[in-house]
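Here is a quick tour of one structure, told through its side chains. Have a look at it first, then read on.

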Amino acid sequence: MKVALNIRGMEPATVATIKQLAYARQWTIAKYLTAVTELHQVVRARADAGDHELHLELVALGLETANEEILARLNSVAH
C-alpha cells in the first residue's frame with residue numbers, strides 16, 4: 001500500500017533541487033526519493049564494510065550508522 005508523506009521544515013532550495021532532479025528524469029518525487037533512499041542503503045553498506053572514505057562522508061553529513069535499538073523500537077511500532 002502506498003502512503004503520502006508530508007515533510008515540513010525543508011529549506012526551499014532543497015525542495016527545488018529534489019523537484020528538479022526528479023523531473024529531469026521524468027520521475028515523480030516519490031520515485032526519486034525512493035531511489036535516493038536505496039542509494040543511501042548501498043552507500044551505508046559499503047561504509048559499514050570498510051570503505052573509510054564513504055564512512056567519513058556519512059559522518060560529515062550526520063548519517064552515521066543508526067542506533068539498532070531505536071530502529072527495532074520504530075519497526076515494532078510501525079507494524
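Let's start with Asp-48, which is partly exposed at a relative accessible area of 47%. For the wording used here, buried means under 20% relative accessible area, exposed means over 50%, and partly exposed is in between (1.4 Å probe, protein chains only).

Before going further, keep in mind that this is a predicted model: local features need pLDDT of at least 70 and side-chain atom pairs count only at pLDDT 80 or more, while totals for chains, interfaces and linings use all residues. Residues are numbered from 1 along each chain as its sequence is written, and side-chain values use heavy atoms, with hydrogens and water left out.

**Salt bridges**

Searching the whole structure turns up 2 salt bridges, where a salt bridge is a side-chain nitrogen of Lys or Arg within 4 Å of a carboxyl oxygen of Asp or Glu.

| Pair | N to O distance |
|---|---|
| Asp-48 and Arg-44 | 3.1 Å |
| Arg-46 and Asp-51 | 3.0 Å |

Asp-48 and Arg-44 are about one helical turn apart, because they are separated by 4 residues in helix H2. Helices here are DSSP runs (H or I, at least four residues), numbered from the N terminus. Arg-44 counts as buried, as its relative accessibility is 11%. In the other pair, Asp-51 is partly exposed, with a relative accessible area of 22%.

**The loop between H1 and H2**

Gln-26 lies in the loop that links helix H1 (12-24) with helix H2 (29-48). It has a phi near 60°, a positive value in a residue other than glycine. Most residues other than glycine have a negative phi. Gln-26 also counts as exposed, at 76% relative accessibility.

Then there's Arg-25: its charged end sits over the ring of Trp-27, 6.0 Å from the ring centre. That label needs CZ of Arg (or NZ of Lys) within 6 Å of the ring centre and within 35 degrees of the ring normal.

**A nonpolar patch**

Which residues form a nonpolar patch on the surface? They are Leu-5, Ile-7, Met-10 and Val-15, with about 350 Å² of accessible area together. Patch members have over 30% relative accessible area and no salt bridge, and nonpolar side chains are joined within 5 Å. The areas come from the Shrake-Rupley method with a 1.4 Å probe.

Leu-5 belongs to the segment before H1 and is exposed, with a relative accessible area of 69%. Leu-56, in helix H3 (residues 52-60), is partly exposed at 45%. The C-alpha atoms of Leu-56 and Leu-5 are separated by 30 Å, with the two residues 51 apart along the chain.

How values were computed. Helices (H or I, at least four residues) and strands (E, at least two) are DSSP runs, numbered from the N terminus. Patches are made of residues with over 30% relative accessible area and no salt bridge: like charges are joined within 9 Å, nonpolar side chains (Val, Leu, Ile, Met, Phe, Trp, Tyr) within 5 Å.
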